[in-house]
Amino acid sequence: MVIIIVLFFVSYVPLRWSAARPLRRHIGPGFVISCLVPYALGLFIHNGPIFLVSVLILFVATTRDRLDAICRFVMLALLLPQVLWFIHLGSLYIVTLNTLHVLGIGLLISYLIRPDRKSVPLRGMTIEDAFVAVMVLILWIGAGRFPSFTIFLRNGVAAGLMMLLPYIALRRGLRTSEEFMRVVACFALASVIVATFAVYETLHGWALFDTFQMIGNPDAISSSVYRRGGVLRAPSTMGSALMVGMVMLIGLTATLYSRRYVRSGWMIYGWGCALFLGMLMAQSRGNMALLPVAALIYFIQRRKYGFVAAIVAGAPIAFGVLLEAASVSPRIAGFLQIGVNSGGSSDVYDYRQLLFKRGMEEGAMHRWTGQGINDVIADLADITQGQHIVDLVNTYLTFYLTSGLLGMVPFFLLFAGIFWKLGTVRIGRLGNPVLAAMRGFALTALVVVAVQLTFVSFIDRTPWCLVIALVAGRMIGLERARLMKSKNVGGVATEAASSTESLPVRGRDAITASPA
């Protein structure tokens, strides 16, 4: 506990000092209390219900308004480990709650206790709404094919808690692009704290939050056993190192696009270096390979085509240098798992190939509607991995096996439509840099999550990160339409002023914003 507290403040103090004033209002004593008290309860009491109830009470009690609650929701979702609570009514199992579910419930309660009548939510149905509806149906129906009415309802509640709860909470709460970008800055800040934990874990070979993983789930395997090249792959507050790698990359992107919320340029570099180190500690090669893609999107967004050309030319050279370094350094080869035949990563790669091959064979037998997840696991029992389970570490394949073409065709059409919308929407002529930054972040986050879904299950922070990108996409379309309508009737100046009134400027207290 002492080490966790020390590491928290080692990162928190410089982060608070480097944050601009509007960002600092979201990371005051209430934020510290709502983070550290659950840490202490989880470590010393080791009780899932007490941990989650304390999270809910502290969240509702310490948030000040709607935007503060949303920012707190995003930060605690990264900083608090996932703890499970299996709720029963006598012998009847009801549902499983985890930390993310409780934070979402707390956010909705905060809306009710502290209503904001000064602003109006963005209204209208979008392609993102349809995509979330399709995903909820795939998760709901895929969990089981009507084994009983009770189980069917329970599966629906589980799917709703996973996707609908955070989506509706953020969809209802966020109302302008400036508000969203402040939330993005909070995501970046919390990611730096996670990176601090990750660096310590890898350097000392000790997963700090293992105890939390065991609360309510005594069969969980210690994260300290997951190593590559003899080095611990830091899980930090996440369920796995892959989640840490994804969050570090999205956090790095968030830092770039929300740079107005950091007081000076060199402080931005400090945040970025910490996040890059966190990504290295996770040893997630897929996310590291996406770094040039994220950089390309960023520089294209800013029309820095010289940097774009340098990345396109330099990325293959850098890859060649890494291969050459791996050929002469066993340590680098072990870290990258290049030319190493000592199990571990190579076994995982072989398992993923086998899973895809067998999954497509099983999917061809139920290509139209798929089958329930329990039937899928039973049919794939011949390819259990090292932990003697069928690990469905490919979300797209899992969705295909459980929903068939009937689910996957609308899924991919809507997913492609969202990418098309974010890639082609015209924002530059509106003269709104906040909306442009929001588009860049949303597109990068969506690319990262889309790639991540090919080698992870749809668990932990993956659905939550997808929801953030989808909410951003929805807001971009609606706010652009609102600005265009205002421009057409001659009111563009008023609208632009209302959406950028709290834009930051460089200086000691970077932003002159009214509290949102």
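**Helix α14.** I started with α14, residues 291-301, in this predicted model. I looked up which of its residues are buried, and got A294, I297, Y298 and F299. A reminder to myself: an α-helix has 3.6 residues a turn, so residues three or four places apart point the same way.

Next I asked what covers those buried residues of α14. My list includes α11 (241-257), α15 (305-328) and α20 (433-452). I also checked what comes after the helix: α14 is followed by R303, which has a positive phi, near 60 degrees.

**Other positive phi values.** I found H46, not a glycine, with a positive phi of about 55 degrees. H46 sits in the loop between α3 (29-44) and α4 (48-62).

D460 is not a glycine either, and I read a positive phi of about 60 degrees for it. I placed D460 in the loop between α20 and α21 (462-488).

Are these two buried or exposed? H46 has 36% relative accessibility, so I put it down as partly exposed. D460 has 16%, so it goes down as buried.

**Cysteines.** How many disulfides are there? I counted zero. I looked at C186 to see why: the closest cysteine sulfur, in C71, is 3.5 Å from the sulfur of C186, which is too far for a bond, because a disulfide needs the two sulfur atoms within 2.5 Å. I also noted that C186 is buried, at 0% relative accessible area. C465 is buried as well, at 2%.

Definitions and conventions. Residues are numbered from 1 along each chain as its sequence is written. This is a predicted model: local features need pLDDT of at least 70, side-chain atom pairs count only at pLDDT 80 or more; totals for chains, interfaces and linings use all residues. Side-chain values use heavy atoms; hydrogens and water are left out. Buried means under 20% relative accessible area, exposed over 50%, partly exposed in between (1.4 Å probe, protein chains only). Helices (H or I, at least four residues) and strands (E, at least two) are DSSP runs, numbered from the N terminus. Contact means heavy atoms within 4.5 Å.
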